[in-house]
Structures are given as C-alpha cells and as structure tokens.
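Please keep the sequence and the coordinates at hand while reading.

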Amino acid sequence: MDEPVRASDQEISDQRRLKGARARASIARHAADVASVEGLTGLSLGRLAEDLGVSKSGVATLFGNKENLQLAAVAAAREVFIDNVVRPALTADPGLPRLRALMDRWFDYIGEPVLPGGCFRGACQPEFDSRPGPVRDALAADREDWFTMLAAEIGRAQRQGAMTGLDPRAVAFQFDAVVSAANTATRLGDEAALPTARAIIDGLLGSAPQP
C-alpha cells in the first residue's frame, strides 16, 4: 500500500506564513478603521483582539507592541487611500484630467467614507505632528508622497495651460487644506462643506466642473 502523501515542512511553513500575513492584514485594516475615529493613540493590542474575537497573545505575536500596530495601521490606511483615490485616477490622462480625477476621488473618499472616521490623515497627523519617532516619520513620509504626486500633476496641468504662474507645491498645499477642512466640517455635520470645497477646488483648477 502506498504511503499517504504528506505536506513538506516547507509547504507547512509557507501555509503558516500566508495565514499569518492574512491575519496581520485583517487586524491592520481594522486598526486603521479604529484610528480614523479614535486616533492612533486609541489603539491597543487588547482592544483589537476583543473587537475581532481573537486572542491578545495572537495579536501580540503578529505585531509585538503598540507602536508596531500603529505603524501597520498607517500602512493599511495608505493602501486604502491608494486603492480608492490614486489608482482609479491613474486611468485619466496626465495633467489636468488626472488632477481633476484625483480631486473627485478624494472628495468621494471623504463624502462616502471608506474608513468610518473619514480621512485617516486628518484624524491622525495632528496627533503625532510634534511627537518624534517612527509613527510620526511614517505619517510624514505618507504626506510627502501625496504632496509630491499632487505637485507633479499640477506641474503637468500648468504645461497644458492651467494654473499658470503658480507654485505647484503651494497649490498642492491649498488643495490639501481645502479638502482637510471639508473632511472635518463633514464629520461635524456641515452639509455645505463638500459642495463649498468642490467649488473652491474648481476655482483653483481654473475651469468649470465637468459634466
């Protein structure tokens, strides 16, 4: 009789790593959800374990400490933003069309929030702007990447004849300020915040809203 085929040690190890990666991703995404409402300081290994019905020791094995959990939440929120704002906008032509697509997706992202607290950056950057350390560095790097992308598309739009004579970085700062203010006002129940912010952005883009 043939012996039963057994999974190799390597296959078992790979399966365990895959299971661990999936569990880590699921917990990190929930951490991003929680942090968008309560901030990164509101995260704890025990809180996440209780929310998800898993053991605290299991969460601790995956993340080690609260700071690692916070960093994982920042990374997960970044991926949510990229998936919902950046990647869809990349189908538009570079320059003004893509810039408008980025703005439209950004407004959608806070108007019908993917994360329960709306914009993750708006909730978490103020917590750590004066707290040196890895979490602040991760938030700052994420913000810088976004500003760099915006400034690059603004520069392309300027070469197409829009927003000429303006500093691309300064315009990116204005975009961020307007949308961040709209996010806060929307969370506070101001129904006029989004249409007001969209009108301001249209004015900065120097063109009428697209049909």
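The count of disulfides, taken as pairs of cysteine sulfur atoms within 2.5 Å, comes to zero. The sulfur of Cys119 has its closest cysteine sulfur in Cys124, 9.0 Å away, which is too far for a bond. Cys124 is accordingly in no disulfide. Both residues can also be placed by burial, where buried means under 20% relative accessible area, exposed over 50%, and partly exposed in between, with a 1.4 Å probe and protein chains only. Cys119 counts as buried at 7% relative accessibility, and Cys124 is buried at 0%.

The model is predicted: local features need pLDDT of at least 70 and side-chain atom pairs count only at pLDDT 80 or more, while totals for chains, interfaces and linings use all residues. Residues are numbered from 1 along each chain as its sequence is written, and side-chain values use heavy atoms, with hydrogens and water left out.

The protein chain holds nine helices and zero strands, where helices (H or I, at least four residues) and strands (E, at least two) are DSSP runs numbered from the N terminus. Read along the sequence, the pattern is α-α-α-α-α-α-α-α-α. Of the 211 residues in the chain, 39% are buried. Contact means heavy atoms within 4.5 Å; among contacts between residues at least 6 apart in sequence, 66% join residues at least 24 apart.

In soluble globular proteins, nonpolar side chains tend to be buried together. A nonpolar core is here a set of buried Ala, Val, Leu, Ile, Met, Phe, Trp, Tyr and Cys residues joined through side-chain atoms within 4.5 Å. The largest such core has 59 residues, and those with the most contacts inside it are Leu40, Leu43, Trp106, Tyr109, Phe120, Trp146 and Phe175. Helix H4, residues 66-89, gives the most to this core, with twelve residues.

The next topic is empty space. Rolling a probe the size of a water molecule over the atoms shows where such space is left. On a 1 Å grid over the protein atoms alone, a cavity is a set of points where a 1.4 Å probe fits but cannot get out, and lining residues have an atom within 4 Å of a point. Grid points are joined across faces, edges and corners, and a volume is the space filled by probe spheres set on the points. By this search the whole structure has one cavity of 30 Å³ or more. The largest cavity holds about 60 Å³ of space. Its lining consists of Val74, Ala77, Arg78, Phe81, Tyr109, Phe120, Arg121, Leu139 and Asp142. The elements giving two or more residues to this lining are H4, H6 and helix H7 (134-159), and H4 gives the most, with four residues.

Which residues of helix H6 (residues 120-128) are buried? They are Phe120, Arg121, Cys124, Gln125, Glu127 and Phe128. Seen down the axis of H6, these buried residues fall within an arc of 155°, so they line one face of the helix; the arc is that of the directions from the helix axis to the C-beta atoms. In helix H2 (residues 45-52) the buried residues are Leu45, Leu48 and Ala49. Viewed down the axis of H2, they fall within an arc of 100° and so line one face of that helix. An α-helix has 3.6 residues a turn, so residues three or four places apart point the same way. H2 is followed by Gly53, whose phi is positive, near 70°.

Helix H8, residues 168-187, includes Ala172. Ala172 is buried, with a relative accessible area of 0%. Apart from neighbours within four places in sequence, Ala172 is in contact with Phe147, Leu150, Ala151 and Ile154. The C-alpha atoms of Ala172 and Phe147 are separated by 6.1 Å, although the two are 25 residues apart along the chain. Asn183 is also found in helix H8 and counts as buried at 5% relative accessibility. Not counting residues up to four places away in sequence, Asn183 touches Ile110, Gly117, Gly118 and Cys119.

The loop between H7 and H8 contains Met163, which is buried with a relative accessible area of 8%. Most residues other than glycine have a negative phi. Phi of Met163, by contrast, is positive, near 50°.

Methods. 1 Å grid on protein atoms, 1.4 Å probe; cavity = no way out; pocket = protein on both sides within 12 Å on 5 of 7 lines; lining within 4 Å.
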